[in-house]
Amino acid sequence: MVEKISLKSLEEREELLRKAGYNLFLIPAEAVFIDLLTDSGTGAMSDEQWSALMKGDESYANARSWFKFYEAVKEITGMEYVLPTHQGRAAENILFSEISRPGVIIPSNNHFDTTRANIEYFGGEAVDLVIEEGKDPKKIHPFKGNIDLNKLEDLLKKNSPNIPLCMCTITNNTGGGQPVSLENIRSASQLCHKYGVKFFLDACRFAENAYFIKKREKGYEKKEIAEIVKEMFSYADGATMSAKKDGLANIGGFLALRDEKTYQQLGNALILKEGFLTYGGLSGRDLEALAVGFKEVLDENYLETRVGQIEYFGEMLKENGVPILEPTGGHAVYLDALEAFSHIKREEFPAQSLTVALYKEGGIRGVEIGSLMFGKKDPDGNFVPSPMELVRLAVPRRVYTESHLRYVAEVAGSIIKQREKHRGFKIVYEPPFLRHFTVRLMAL
Ligand SMILES: *Cc1c(COP(=O)(O)O)cnc(C)c1O
C-alpha cells in the first residue's frame, strides 16, 4: 500500500501545535509528514497477509481463523492456553485485574507505560529493575534491557509473598528498545521460581529480541530465530503481547499461559471485557493476518533489514550532530534530550520541547519518553524527574525508506544547531493516569 504524504506550512504547523496543546497525540495524522509516533499497528502488511485476510471466518465461536491464530501463538510460545485480545493493554488489564491490588509488587526490567498504569490502577506497585547500564544513554552494553539480578533477588528475599509475578519486557521499549539476553531471561526466571514467583514475558518484540541474541550472545550465532524464540519462552510461565508490534498487523494481542486454572479464571474476565474465548476483541480476518504475521516475523532477512534500518537511522542522526541513546535498539532511535536540550530545566520537559520542535520544524511526529510520561511528585510535592529524557522516533515496519529517514536526521540536526530558540513547557491539564496521551501544555 502506498499513501500520499504532504508537508503543511510552518504557520499551519504552529497553529496545529497551539490547538493541540503542544501534545503530538492530538495532531491530525494527515498533518504529519513523517510519522514516527509509534511502531504499534502502523506497519504495512504483506501480500500473504492481505490474501489471508480474505479468508477470515467470522463465526462467533471456534472459527477456522481462531485455530490458525491459536496454532501460531502456541508454536511461538509453547504455551497451551491462549486468550486473544484486541491489543496488548487488554491482556495486561485482564491479567492485573486479577492479581494487582494494594500491597502487591510487580517487578520488571522496565514496565511499559500501559503495563505500569494497569498495575497501578488496581493498586499494586510497579518496580523497575533494569541494570545500571540501561539507564545511561551513553553506556555501550550488548543487552541494556537486562534485569539487575542482584536487585531482583533482594526484592524477592524481602517480599516474595507479595510478588505474584515478575515481568520482563523484550525488547525493553521504555529503556530504549534494548534487548534482554537469554542468559538474563533464564537466570531471572530461575530466581523467581526459587522464591515461588511466576515469570512472565511482555513479548511485544520477541522476534527483534531473538535477532539481537543471535547477533550478540555467545553460543547463539548459528541458531535459527525460531529456536531462540522457543528457548526464550521456555523459561516463562506466561506472556502478554501486543501483536501490533511483532505480529506485523494493525491490531491484536494475546495473553498466553501454561496453567489451566489461571486460564479459566482470566477467561471469565476476557469474556466480560473483550469477547468470547476464541476471538477476544478481534475479527476473524484480524486473526488470519496475525497468524501469517507471527510466521513472517521469524524470517531472518526481514529482521536484518528491520534492525539494520534502525541502526542506519541512528548513524545518520549522529552524523548530523544529534545525541542518541546507544547502541540503537530494535524498533526506534531515541534522542537524548537531556544532552540535546540541556538549556531547558527538567521540570519544563526538555524531551517534550524537542518533540514539539521536530514537528514545528519538519512535520515529524515522535513521542516524548521522559518526565512528561513518567515524571512524578513526591509526597512533599517536589518534582521527581524520569531517569532519562528521551524522544522516541519509532519506525513503522516495512513503511519508510532511507530517504524519509535521512530527511528526519537532517531536520533534527538543524534543530540542534539552533537549540536556544526552543523553550520549555508547563502543564495546563492532566488526567490521573497515562497523562501523556491527553495532557495539554503551555509554551513558556
Ligand atoms: C505497545 C506495548 C504494550 C501495549 O500494547 P498495546 O497494543 O499498545 O495496548 C505493552 N508493552 C510494550 C513493551 C509495548 O511496546
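Predicted model: local features only at pLDDT ≥ 70, side-chain atom pairs only at ≥ 80, totals over all residues.
Helices (H or I, at least four residues) and strands (E, at least two) are DSSP runs, numbered from the N terminus.

1. Residues are numbered from 1 along each chain as its sequence is written, and side-chain values use heavy atoms, with hydrogens and water left out.

2. E125 sits in β4, which spans residues 125-128. Its relative accessibility is 46%, so E125 counts as partly exposed; buried means under 20% relative accessible area, exposed over 50%, and partly exposed in between (1.4 Å probe, protein chains only). I106 is 19 residues away from E125 along the chain, yet their C-alpha atoms are separated by 6.1 Å.

3. Now look at strand β2, residues 81-85. 5 of its 5 residues are buried, so β2 is largely enclosed by the rest of the structure. Y81, L83 and T85 point one way, while V82 and P84 point the other way. β2 runs antiparallel to strand β8 (residues 253-257), and 5 bridges join them; two strands pair if DSSP finds at least two bridges between them. L83, for instance, has L255 of β8 as its bridge partner.

4. The ligand deserves a visit. It is surrounded by 14 residues, and the closest are R89, D202, R205, S242 and K245; a residue is near a molecule if one of its heavy atoms lies within 4 Å of it. Helix α4 (residues 88-99) gives the largest share of this shell, 3 residues. By class, the shell holds 2 nonpolar, 6 polar and 6 charged residues.

5. For N173, a side-chain N or O atom is 3.0 Å from a ligand oxygen. On its own the ligand has 380 Å² of accessible area, and the protein covers 97% of that (Shrake-Rupley method, 1.4 Å probe).

6. Finally, helix α14, residues 350-362. Its 13 residues reach 18 Å from first C-alpha to last, close to the 18 Å expected at 1.5 Å a residue. The helix is mostly covered, with 11 of its 13 residues buried, among them P350, L354 and G362. G363 follows α14 and has a positive phi, near 65°.

Key. Polar contact = N/O pair within 3.5 Å; in protein donor to acceptor, adjacent residues only side chain to side chain. Nonpolar A, V, L, I, M, F, W, Y, C, P; charged D, E, K, R; others polar. Expected span 1.5 Å × (residues − 1).
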